[in-house]
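Please look at the structure shown here and follow one of its sheets, strand by strand.

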Amino acid sequence: MPTTTKKKRKIPKPALAVERFTLRNGLRVVLGQDRSAPAVAITVNYDVGFRSEPEGRTGFAHLFEHLMFQGSTNLEKGEADKLIEGNGGVMNGSTRSDYTNYISQLPANALELGLFLEADRMRSTRIDEENLQNQIDVVKEEIRVNVLNRPYGGFPWIDLPPVMFESFNNAHNGYGSFVDLESATVDDAQDFFDTFYAPANAQLAVTGDFDVAKITALIEKHFGDIKRRKAPKIPDVGEALPTKERRATKYDPMAPMPALAAGYRVPDPVKQLDEYLAAVVMIEVLTDGEGSRLHQRLVKEDRVASHIGGMIGTFGDPFDVRDPTMLQFLAYHPGGTAEQVLRAVDEEVEKLVEDGIADEELERVQTSLVSGHLRRLDNLLQRSMFMATLEQQRKRAELVNDLPELLAAVEPEGIVDAAEGWLQPQTRAVLEVRPGTGEDQ
């Protein structure tokens, strides 16, 4: 590999405030004061996601996210939304592999309202037969709309993990099966709340315009008397690396063209951060934008693909997952076969390993990653969500400040090592999507 002398660049380093404390009931709190605008953002991460679900309860983490918006012992269904919106704010929630979050953004003078509503939700939620059945129906309709009745539904986030992974925790459908959803009972839901929605299993992050002493007192006021419950043990979902290529095919009668996803394991996002960051930069070198290597090869030169993409993690955020996770290549390829696409990927990886990467190309990609990170931090709610997840999974919310320098410090040799060590055909998982029903195959 040719050697180059990389010029030193001045990398912008955010200086966002980070303070933390823990309440007696185990609730962990991280604060990011920013008095530049009269607004606040609140995120609560509960350490429960798709991978926490036991067998027979697929989709339960997501179903419970819906239930948490159905009222509490103090508030009727929909009342929290009206209070937030009536004060000029927004609220939402989402479920991921390793957490479920609840988020809101409000004018700074409504901070206490936002804290009260999250504490009220943590203290109790309204679990009864009517709410449970209603939300089961809502989730089933969501699955119909987003997965069953649209082209490429579930591709690749539902379809690729069972090809790559073997354990139930890592491989199952996080949206859930209708059978599992319909069998859920009120007792099941109450047990889920009691187990996973304990203060000690939660991470609260608040960013924005507040006085630290005052918000500390408000958090103690609203959250401090919630009963302490033992946090559940984080499940051990580790798996050995694959030793041979794994393949699967899905027939999709609504798909207008063939597609494929190729997944590769990557280093531990928490324990091997330096190696993991090299993989984060590497996937951008190969797939980020029209100047990327695989776009130039598959779309411009070979003309076998109409679109290519790549990401790390189930939903494309490399910093919201624990190990094991995977890097994914995606290609929609009306102009060629799956084998042609995979052969081109392997050849481009080989070129990267043999020839390395020029400083100019690496700098372009790193600049894009750093600027994307800074744009994310500029959004108060995104910043709150990011800090909550970094603190939940790594106890290191300060990474919001450190990531630009860490990403810019990735060397060409690290990218080559990542490509050579992880992007091997014998360890990947390949999912093909073929138009049609497969009945004539």
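Strand β3 (residues 39-46) is joined to β6 by 7 bridges, and these two strands run antiparallel; strands and helices here are DSSP runs, with at least two residues (E) for a strand and at least four (H or I) for a helix, numbered from the N terminus, and two strands pair if DSSP finds at least two bridges between them. Within this pairing, Asn45 has Gln203 in β6 as its bridge partner. The model is a predicted one, in which local features need pLDDT of at least 70 and side-chain atom pairs count only at pLDDT 80 or more, while totals for chains, interfaces and linings use all residues. Residues are numbered from 1 along each chain as its sequence is written, and side-chain values use heavy atoms, with hydrogens and water left out.

Strand β6 (residues 202-208) also pairs with β2, here in the parallel sense and over 6 bridges, with Ala205 in β6 as the bridge partner of Val30. Of the 6 residues in β2 (residues 28-33), 5 are buried, where buried means under 20% relative accessible area with a 1.4 Å probe, protein chains only. Strand β1 (residues 19-22) runs antiparallel to β2 and is joined to it by 4 bridges, and the two form a hairpin with 5 residues between them, in whose turn Gly26 has a positive phi of about 100°.

Key: Buried means under 20% relative accessible area, exposed over 50%, partly exposed in between (1.4 Å probe, protein chains only).
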